[in-house]
Amino acid sequence: MKTLFHISLIEFKLAFRNFIYIFFAFVFPPMMLLMFGSMYGNEPSSFYNGHGAVDVLTPAYIGMLMAVSGLMGLPLQLSEYRQNKVLKRFKATPVSTGAIMAPHFLVNSLLCILGTLLLVIVGKIVFNLHFLGSLPNFLLAFLLSVACIFSIGFLIAAIAPNNRAANAIAYLVYFPMLFLSGATVPLQIMPGAIVTISKFLPLTYCVEILQGTWLGKPLSDYVTAIVILSFVSIACIGVSIKAFRWE
Amino acid sequence: MSENTVISVNGLTVKYKDFIAVNNISFEVKKGEIFGVIGPNGAGKTSTIECLEGLRKQSAGEIDVLGINPADRRKLYEHIGVQLQEASFPSDIKVDELCRMYTSFYKNPADYHALLEQFELTDKKKAYVKKLSGGQKQKVSIVAALIANPQILFLDELTTGLDPQARISMWELIKSLRNAGKTIFMTTHFMDEAEYLCDRVCMMVKGEIAAIGTVKELVAGADLSQKISFSSKHTDKEALQAINGVTQIMQNDDIFELYGNGINFQRDVVSYLMEHTIEFNDLSSTKPGLEDVFLKLTGYRLEETA
């Protein structure tokens with residue numbers, strides 16, 4: 001536990017030295033919220049089924065945060081560590097495999113949570129953001145979404161032969177998911193073809209269930225999303241553990 | 001395994017698909033010695049050291065490190081310190097952060113402040129590892145290995161890529177670690193390094209042990225000639241034939257080159273010249289070294305392949 005804490009603490013510091021990562025986790029989402037919030041306001045609108053735009057966009061941007069930390073942060077850190085033999089060097093110590101891997105999940109989850117809190121604070125102060133759901137339901141949706149997105153990130157790290165490939169795959173997975181899942185641009189304004197594509201992107205279901213539980217809909221409305229997210233998590237983690245190489 | 005033996009390797013074989021990197025080698029390492037594996041690239045040095053470190057699984061053979069099978073890695077790493085061939089640190093980490101992290105890995109860690117002091121890195125505590133010089137980076141990697149408080153330190157090509165000055169200061173550090181009681185297992189492809197540093201040398205060629213022993217033993221075992229050269233206008237080849245141990249004489253104008261064997265060859269030559277009052281100048285002798293042993297065993301020079 002002492003080891004896990006120390007590694008996590010240092011990994012947390014290291015994450016803050018990565019400018020691009022910090023920009024996309026802490027600057028970009030509030031910036032988007034400020035931009036679109038000031039365009040559409042947070043008054044109930046028929047376009048958003050009687051909800052304010054900010055109340056709908058905020059949970060979607062939480063999905064965007066997960067994509068940054070899970071699909072970019074996590075796999076790129078792990079593949080860099082493998083390429084630079086950091087993982088191999090850690091293996092030459094008495095540290096357990098868990099204590100080597102867990103900090104990457106912990107730190108990226110923590111950044112995701114901090115990013116979410118920042119987003120909520122900005123939304124609350126600037127646009128009087130409302131949370132209409134039940135906290136346990138939303139937390140469950142949050143956890144399930146993190147599990148799914150992070151497991152995809154872990155899979156990218158596991159199958160990429162080197163750091164360059166990991167970068168390429170991460171970008172190829174990240175950007176389509178970001179723009180075609182409703183995480184940045186509401187699917188309501190997208191053409192039918194893109195809505196169809198979005199059905200194949202796991203992040204779409206994250207955004208769906210995050211938005212739904214945020215706005216107070218019951219979990220029973222999201223059985224499909226829950227099944228898909230759970231399935232993707234288990235499948236990706238299973239394949240990753242099989243495929244993962246230390247060097 | 002005798003009491004003094006800390007590593008024992010028996011029939012170690014490492015295969016990669018069809019390629020045999022290490023072919024059935026056996027050796028022992030004694031407590032408190034600097035044991036060096038030397039050989040050209042591809043000789044199987046890194047495969048061997050990584051098997052001992054538990055980082056690679058051997059295809060066949062038994063390895064015993066401090067009574068532990070290296071496959072039992074978490075037990076092994078409480079007692080050994082490892083430096084890998086390539087730098088292996090997170091890219092944005094600072095020296096003291098790295099040390100704190102490694103300290104948290106061990107039950108009985110060494111005090112890293114004292115280690116940094118010993119390695120003259122105290123003023124680099126707050127520096128990013130990636131900003132350090134090559135020599136300093138290698139020192140940091142030794143400090144990280146020593147935080148384990150290891151009985152055996154494994155160093156893989158420690159001085160490759162360092163400038164001559166940094167190499168020599170590294171040699172002194174390694175000697176001081178040995179003098180402090182650590183056993184050191186190292187690989188290198190520098191003959192001068194092995195000759196200066198290693199108590200015993202294991203010469204590897206194409207996955208096999210070509211020779212093993214102290215530098216003196218290897219040189220003596222290879223039965224190599226010593227060369228003594230001098231200039232003199234007052235003698236000739238025939239007169240010098242009578243010197244004890246001379247096997248070959250080369251003459252070029254007034255310059256003579258004498259080849260011969262025996263521990264007292266140099267003394268025999270000089271006393272012969274004195275006794276016969278043969279005047280001579282510019283006497284120099286060249287003792288055969290590891291490089292010559294390697295040349296004799298393999299037919300080529302290591303520097304050409306490195």
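Biologist: What percentage of the 306 residues in chain B is buried?
Modeller: The model is predicted, and the totals for chains use all residues. A residue counts as buried if 20 or more other C-beta atoms lie within 10 Å of its own. Of the 306 residues in chain B, the buried share is 39%.

Biologist: How many helices and strands does the secondary structure of chain B have?
Modeller: The C-alpha atoms of chain B fill a box of roughly 75 × 45 × 35 Å along the principal axes. Among contacts in chain B between residues at least 6 apart in sequence, 70% join residues at least 24 apart. The secondary structure of chain B amounts to twelve helices and 13 strands.

Biologist: In strand β3 of chain B, which residues point one way and which the other way?
Modeller: Strand β3 (residues 34-38) of chain B is mostly covered, with five of its five residues buried. Both faces therefore hold buried residues, by the cut-off of 20 or more other C-beta atoms within 10 Å. One way point I34(B), G36(B) and I38(B); the other way point F35(B) and V37(B).

Biologist: Which residue of β4(B) is the bridge partner of S8(B)?
Modeller: Strand β1 (residues 5-16) of chain B runs antiparallel to strand β2 (residues 19-30) of chain B, joined by eight bridges, and in β2(B) the bridge partner of S8(B) is E28(B). β1(B) is also joined by five bridges to strand β4 (residues 60-65) of chain B, again antiparallel. In β4(B), S8(B) is partnered by D64(B).

Biologist: Which residue in the hairpin of β1(B) and β2(B) takes a positive phi?
Modeller: The hairpin has two residues between the strands. The positive phi is near 50°, and the residue is K17(B).

Biologist: Which strands are the edge strands of the open sheet of four strands in chain B?
Modeller: The order in this sheet is β11-β12-β10-β13 (chain B), with antiparallel pairing. Neighbouring strands are turned by 15° against each other on average, direction ignored. An edge strand pairs on one side only, and those that do so here are β11 (246-252) and β13 (281-286) of chain B.

Biologist: Which residue of β12(B) stands opposite I249(B)?
Modeller: β11(B) pairs in the antiparallel sense with strand β12 (residues 255-260) of chain B, over six bridges. In β12(B), the residue opposite I249(B) is L258(B).

Biologist: At what angle does helix α10 of chain B run to β10(B)?
Modeller: Helix α10 (residues 265-275) of chain B lies across β10 (226-231), β12 and β13 of chain B. The angle of α10(B) to β10(B) is about 25°.

Biologist: Turning to chain A, is the crossing of α9(A) and α10(A) left-handed or right-handed?
Modeller: Helix α9 (residues 202-214) of chain A and helix α10 (residues 223-243) of chain A pack at about 135°, their axes 9 Å apart. That angle makes α9(A) oblique to α10(A). The residues of this contact divide into eight nonpolar, no polar and one charged. The crossing is left-handed.

Biologist: How many nonpolar residues does the contact of α3(A) with α9(A) have?
Modeller: The axes of α3(A) and α9(A) come within 8 Å and cross at roughly 140°, which makes α3(A) oblique to α9(A). This crossing is right-handed. The contact includes M66(A) of α3(A) and W214(A) of α9(A). By class it has two polar residues, no charged ones, and a nonpolar count of eleven.

Biologist: Which helix supplies the largest share of the side of chain A that touches chain B?
Modeller: 20 residues of chain A are in contact with 20 residues of chain B. At least two residues of the chain A side come from each of α1 (2-16), α3 (53-83) and α4 (86-91) of chain A. That side divides into eight nonpolar, four polar and eight charged residues. The largest share, seven residues, comes from α1(A).

Notes. Residues numbered from 1 in each chain as written. Chains lettered and ligands numbered in written order. Predicted model: local features only at pLDDT ≥ 70, side-chain atom pairs only at ≥ 80, totals over all residues. Buried ≥ 20, exposed ≤ 12 C-beta atoms within 10 Å, placed from the backbone. Contact = placed C-beta atoms within 7 Å. Nonpolar A, V, L, I, M, F, W, Y, C, P; charged D, E, K, R; others polar. Pairing = 2+ DSSP bridges. Axes fitted to C-alpha atoms, helices over the stretch in contact; angles between N-to-C directions. Parallel < 35°, antiparallel > 145°, perpendicular 65-115°, else oblique. Left-handed = near helix turned anticlockwise from the far one by under 90°.
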